[in-house]
Amino acid sequence: MSDPQTVPVPGRIMAAEMAEQPAVLQRILDEGAPKIREVAAQIAARGPRFVLLTARGTSDNAALYAKYLIEILLGKPAGLTSMSTTTAYGAKPDLTDVLVITVSQSGGSPDLVASTKAAREAGAITLAVTNNAASPLAEVSEFHIDVLAGPEKALPATKTYTAELLALYLLVEGLRGGDGEAAKELPGLAAGVLARKAEVKALAERYRFAQRLVITSRGYGYPTAREAALKLMETTYIPATPFSGADLLHGPLAMVDNVSPVIAIVPDGKGGEALQPVLDRLRGRGADLVVVGQQAQVDDASAGFALPAGVPEEVQPILEILPLQLLAHEVTIARGQDPDAPRALAKVTETR
């Protein structure tokens, strides 16, 4: 008979890493922020014309968040790159005075390394944002920011994602000469959100037998919708489709009916205001609407999770994703699966 202490508990590693997030956020603010400000000052002195962001998977959602920050707070054009134009097609764009930020937890994927190296050779200012200062990506980049999340063993990325978000926010703040004040309370607020696991566990029962999910948001919340969908798909195996609220109205809304489960991330600010017509249409179609947002929005939905009030919109994504990480964990366990080790996945994905 097996010793109960040696039998792996499903989701134990993911749960432990989610619980580390307040400490990781505090470590970035205490130890990482000075280095991030230094890197930002050196880059700002070079006067980049615009910004390109390169990433895959979870880090791609962090990069999308940075795109919103750069365009809104810095007023500079920003885009997400298509690495295959360089790695597969051999394109050689002129990237003189362009800031290329490559975001990767491991810093080991060959296409990220190759495209960053090519960007530097094409005249770009290259910055790697990783959880591995000794990675090949860090080595080929001119600048590097360590997100200081510590080893992440569960296959679903949780603490590295929120660490990337905070590091990228502090970078953009540094580029514009800001002090990052909006982030100061995040560790304590994150701890408060994660302590409400029982609320999420109750919510998870709604999705135990779900066949599909639609997740939507706008503005700063849209990267959260994409990351939530990724987490749910890779752990629960439920097809979860993320949409910008604007895109949802341009056709896909037709697939939503009165039994369709929809999760809406409603930012407290302009993104939430822009999403309001979408929420009205979803309610009109009788959708099973669950809201992650402010209490008033939760009260108007079928169910939801209320986030702390008074948090600046540009850093709300760092809190928005937390109940959705917990949701992915709880739904996966309810379905009899192990969120620590989703099938067919590897921790370091090597694309070319």
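**Close-up views of a predicted model**

By class, the residues lining the largest cavity split into 3 nonpolar, 3 polar and 3 charged. Here Ala, Val, Leu, Ile, Met, Phe, Trp, Tyr, Cys and Pro count as nonpolar, Asp, Glu, Lys and Arg as charged, and the others, Gly among them, as polar. This is a predicted model, where local features need pLDDT of at least 70 and side-chain atom pairs pLDDT 80 or more, while totals for chains, interfaces and linings use all residues. Residues are numbered from 1 along each chain as its sequence is written, and side-chain values use heavy atoms, with hydrogens and water left out.

**View 1. The largest cavity and its lining.** The largest cavity holds about 60 Å³ of space. Its lining consists of Ala33, Ile36, Arg37, Leu170, Glu173, Gly174, Gly178, Asp179 and Gly180. Helix H2 (21-46) and helix H7 (159-175) are the elements that give two or more residues to this lining. The model has 3 cavities of 30 Å³ or more. On a 1 Å grid over the protein atoms alone, a cavity is a set of points where a 1.4 Å probe fits but cannot get out, a pocket is an open set with protein on both sides within 12 Å along at least five of seven lines, and lining residues have an atom within 4 Å of a point. Points are joined across faces, edges and corners, and a volume is the space filled by probe spheres set on them.

**View 2. The second largest pocket.** About 320 Å³ of space lies in this pocket. Of its 19 lining residues, Thr86, Pro93, Leu95, Ser115 and Ala119 lie nearest the centre. Strand S1 (51-54), helix H4 (84-87) and helix H5 (110-121) each give two or more residues to the lining, and H5 has the largest share, with 5 residues. Helices (H or I, at least four residues) and strands (E, at least two) are DSSP runs, numbered from the N terminus.

**View 3. Helix H5 and its packing.** Pro110, Asp111, Leu112, Val113, Ser115, Thr116 and Ala119 of H5 are buried, meaning under 20% relative accessible area with a 1.4 Å probe and protein chains only. The buried residues pack against S1, H4, strand S3 (99-104), strand S4 (125-130) and helix H6 (136-140), with contact meaning heavy atoms within 4.5 Å. Just after H5, Gly123 takes a positive phi of about 100°.

**View 4. Ser217 in strand S6.** Ser217 sits in strand S6 (residues 213-217) and counts as buried because its relative accessibility is 0%. Leaving out residues up to four places away in sequence, Ser217 touches Tyr222, Ala225, Phe243, Ser244, Gly245, Ile265, Pro267 and Leu275.

Terms used: Buried < 20%, exposed > 50% of the residue type's maximum accessible area, 1.4 Å probe, protein only.
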